[in-house]
Amino acid sequence: NVMEQEVRNIREGLKELRESEERNSLEVQQALDVYEELKQKLRENGEAFGPTYSEIQKQLKSVEGEFTQFVTLNTSGDPIEAREVLDVAAKHTYETEELMDRIPKLFEELNDIFPAQLQEITDGYKQMIEDDYVFPEEDVQADIQRVAERVENSLEDLTKVEIAEVEAANRDTAKEIDDLYSVLEREIEAKRYVLKNQSVIADFIGHAENNNRQLMIEIDHTSQ
């Protein structure tokens, strides 16, 4: 009858509510565990995040506020709205986790690896110029300056937590640094080849000059 159906509906509703609360409880524990790990990671390895430190700290503080709001709603008997707030808090927790996984590598490249490589290339290039190496086509110094400026710009983008842009720029920077190393190595190999084959090249030039003289004499004789 109708009464029995209503009782069944109430029981079903209570069961769903209980399951919803249990699910909320489990998921909030998982998200809170991640949140606590992130806070500890930032506290213990803050320097690895460089200029993004304060922005990450701000994001974690915001997540904390969302968890507090969830607890308030859940204890006041509003599990549906609490669930929505939990979904947002969990989403922001895992987004911050992903950021914190990606940032340290980018910061290390921009702060340590790229500057060290560019310094090595600059020092090597200056020494090679002093040693009379010739770079016929490349303006190496201008290329070095351009890459150094990109590193500076990427650090500014990292401060704004523009991660995708920084990752793309860092890939380009790494390739351009490889290209600069290749330019120096090519000139070193070229000079090494010349020095190794100096006598052969001298003989070849000598033969060419001699043949040219002979040709000029024959042309002279022919024209008389």
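Axes here are lines fitted to C-alpha atoms, for helices over the stretch in contact, and the angle between two of them is taken between N-to-C directions. The model on display is a predicted one.

**First stop: helices H3 and H5.** Select residues 79–130, which form helix H3, together with residues 163–196, which form helix H5. The two helices pack at an angle of about 25 degrees, and their axes lie 10 Å apart. Angles under 35 degrees count as roughly parallel, and H3 and H5 are therefore roughly parallel to each other. The crossing in which H3 passes H5 is left-handed. The residues of this contact comprise 18 nonpolar, 4 polar and 5 charged.

**Second stop: Phe114.** Remain on helix H3 and select Phe114, which is found there. Is this residue buried or exposed? Phe114 is buried, with a relative accessible area of 4%. Next, display the residues that Phe114 touches: Glu109, Val151, Asn170, Thr173, Ala174 and Ile177, leaving aside residues up to four places away in sequence. Although Phe114 and Thr173 are 59 residues apart in sequence, their C-alpha atoms are 8.1 Å apart in space.

Methods
Residues numbered from 1 in each chain as written. Predicted model: local features only at pLDDT ≥ 70, side-chain atom pairs only at ≥ 80, totals over all residues. Heavy atoms only, no water. Axes fitted to C-alpha atoms, helices over the stretch in contact; angles between N-to-C directions. Helix = DSSP H or I, 4+ residues; strand = E, 2+ residues; numbered from the N terminus. Parallel < 35°, antiparallel > 145°, perpendicular 65-115°, else oblique. Left-handed = near helix turned anticlockwise from the far one by under 90°. Nonpolar A, V, L, I, M, F, W, Y, C, P; charged D, E, K, R; others polar. Buried < 20%, exposed > 50% of the residue type's maximum accessible area, 1.4 Å probe, protein only. Contact = heavy atoms within 4.5 Å.
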